[in-house]
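Here are my notes on the model, as numbered points. Please read them with the structure open.

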Amino acid sequence: PGAVGPAPVDAIDVPVLLVVGDADENAGDPAPLAERLGAQLVRVPGDHFTANSRPELHRALVDFLGAQ
């Protein structure tokens, strides 16, 4: 088996949730990616490392999954 590369973004055909920290300076502007994916974009308090512990992130995940 050979190496598998990343799938083309345009081939993604499932609902996508893109969650970013509102103070994340590492990831860049998420809006163009969210638009290209047709993703729901949610900004939560925090940076690249602290946003994952925020209850707002957990709420966004639960709400997104509950809507699927």
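1. Start with helix H2. Its buried residues are Leu-57, Ala-60 and Phe-64. They sit on the same side of H2, because they cover an arc of only 60° around the axis. That arc is taken from the directions from the helix axis to the C-beta atoms. Buried means under 20% relative accessible area, exposed over 50%, and partly exposed in between (1.4 Å probe, protein chains only).

2. A word on the basis. This is a predicted model, in which local features need pLDDT of at least 70 and side-chain atom pairs count only at pLDDT 80 or more, while totals for chains, interfaces and linings use all residues. Residues are numbered from 1 along each chain as its sequence is written, and side-chain values use heavy atoms, with hydrogens and water left out.

3. What covers the buried side of H2? The cover of its buried residues includes S1 and strand S2 (40-44). Contact here means heavy atoms within 4.5 Å. Helices (H or I, at least four residues) and strands (E, at least two) are DSSP runs, numbered from the N terminus.

4. The other side of H2 carries Pro-55, Leu-65 and Gly-66, which are exposed. Leu-65 counts as exposed because its relative accessibility is 58%. From Leu-65 to Pro-55 is 10 residues in sequence and 15 Å in space, C-alpha to C-alpha.

5. The length of H2 checks out. The helix has 12 residues (residues 55-66), so at 1.5 Å a residue it should span 16 Å; its end C-alpha atoms are 16 Å apart, which agrees. The expected span is 1.5 Å times one less than the number of residues.

6. Next, the largest pocket. Its space is about 160 Å³. It has 15 lining residues, with Val-19, Val-20, Gly-21, Asp-24 and Ala-27 nearest its centre. Strand S1 (residues 17-21) gives the largest share of the lining, four residues. By class, nine lining residues are nonpolar, three polar and three charged.

7. Terms for the pocket. On a 1 Å grid over the protein atoms alone, a pocket is an open set of points where a 1.4 Å probe fits, with protein on both sides within 12 Å along at least five of seven lines; lining residues have an atom within 4 Å of a point. Grid points are joined across faces, edges and corners, and the volume is the space filled by probe spheres set on them. Ala, Val, Leu, Ile, Met, Phe, Trp, Tyr, Cys and Pro count as nonpolar, Asp, Glu, Lys and Arg as charged, and the others, Gly among them, as polar.

8. Is Asp-24 buried or exposed? Asp-24 is buried, because its relative accessible area is 16%. This residue lies in the loop between S1 and helix H1 (31-37). Beyond its neighbours within four places in sequence, Asp-24 is in contact with Gly-46, Asp-47 and His-48.

9. Ala-27 is also found in the loop between S1 and H1. With a relative accessible area of 49%, Ala-27 is partly exposed. The C-alpha atoms of Ala-27 and Asp-63 are separated by 23 Å.

10. Last, Val-9, in the segment before S1. Val-9 is partly exposed, at 26% relative accessible area. Not counting residues up to four places away in sequence, Val-9 touches Arg-36 and Leu-37. Val-9 and His-48 are 22 Å apart, C-alpha to C-alpha.
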